[in-house]
Amino acid sequence: MKGGDRIDDTPVHKALREALANCLINADYYGTRGVVIKKDQNQIIFENPGYIRTGKEQMRKGGESDPRNKTLMKMFNLVNIGERSGSGVPNIFNTWEDQGWKEPVIEERFDPDRTILTLEFVDKTNKEKAAKKSGEEKTAKKKITNKTKEKMIKIKEYLSENKEAKTKDIAEYIGLKHSRTREILSQMDSVESIGTNTNRKYRLKDNQK
């Protein structure tokens, strides 16, 4: 309510429109499983095929935009939906913060490539214990083992010699499956991906060469 009047178009509504537009604009429509949107009482989940072209951290931070479907982006811009500057996702996070809800979660999966944005309508102050436990579990999962560190070193050596390489070539070199190799590559801050989904290659970042 504002001044005794009901406001139907709230910042949350705008954030949800932004999330939907972002999901459709960045979907890889040649990928598998298509776009999926799931909603229940406490959350809404947006899923689209395709990896995050700017990277998960950059998507969260904003400031860079590399949409897969530029025509769709232009269409949404004409009706004032979607941010050209890549600020849409940060705006969603800011809206959830203003509401006092749990921080949105961005998840990236590989083989098949998939991007998942989870928005929970849950008061974070009432979930402190659960959040702490979840954080401890995530920290445990993210802990890099010595064996994984050895694989990372081998990947850096391989990319130093070969400049660029596909997942299958790296996987053969380090002796792991493609899916596990992609997981390790996604954990390496020194590595970046280039190219489209079907022709994606990996290389060392400039400051690592």
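Arg53 and Asp66 meet through their side chains in a salt bridge, at 3.1 Å from N to O (a salt bridge being a side-chain nitrogen of Lys or Arg within 4 Å of a carboxyl oxygen of Asp or Glu). Arg53 sits in the loop between S2 and H2 and Asp66 in the loop between H2 and helix H3 (70–78), so the pair ties together parts that are 13 residues apart in sequence. Both ends are partly exposed, Arg53 with a relative accessible area of 32% and Asp66 at 31%; here buried means under 20% relative accessible area, exposed over 50%, and partly exposed in between (1.4 Å probe, protein chains only). Helices (H or I, at least four residues) and strands (E, at least two) are DSSP runs, numbered from the N terminus.

The model is a predicted one, in which local features need pLDDT of at least 70 and side-chain atom pairs count only at pLDDT 80 or more, while totals for chains, interfaces and linings use all residues. Residues are numbered from 1 along each chain as its sequence is written, and side-chain values use heavy atoms, with hydrogens and water left out.

Taken as a whole, the protein has eight helices and seven strands, and buried residues make up 34% of its 209 residues. Among contacts (heavy atoms within 4.5 Å) between residues at least 6 apart in sequence, 55% join residues at least 24 apart.

Back to the charges: the whole structure holds 15 salt bridges. Glu47 takes part in one with Arg33, where the closest N and O atoms are 3.9 Å apart. This pair links distant parts of the chain, with Glu47 in strand S2 and Arg33 in the loop between H1 and S1, 14 residues apart. Glu47 is buried, at 5% relative accessible area, whereas Arg33 is exposed, at 57%. Glu47 also pairs with Lys38, at 3.0 Å from N to O, and Lys38 is partly exposed at 42%.

Then there is the inside. The largest nonpolar core has 16 residues, and Ala19, Phe46, Ile92, Trp96, Ile106, Leu117 and Leu119 touch the most other members. Such a core is a set of buried Ala, Val, Leu, Ile, Met, Phe, Trp, Tyr and Cys residues joined through side-chain atoms within 4.5 Å. Two or more of its residues come from each of helix H1 (11–25), strand S2 (43–49), helix H4 (88–99) and strand S4 (114–120). Apart from this core lies another, of 13 residues, with Ala165, Ile184, Met188 and Tyr202 among them.

Phe46, found in strand S2, counts as buried at 4% relative accessibility. Beyond its neighbours within four places in sequence, Phe46 is in contact with residues including Leu16, Ala19, Val36 and Leu119.

Helix H4 has 12 residues and reaches 17 Å from its first C-alpha to its last, close to the 16 Å expected at 1.5 Å a residue (the expected span is 1.5 Å times one less than the number of residues). Its buried residues are Gly88, Val89, Pro90, Ile92, Phe93, Thr95 and Trp96, and their cover includes H1, helix H2 (56–61), strand S3 (105–109) and S4. Gly100 follows H4, with a positive phi near 75°.
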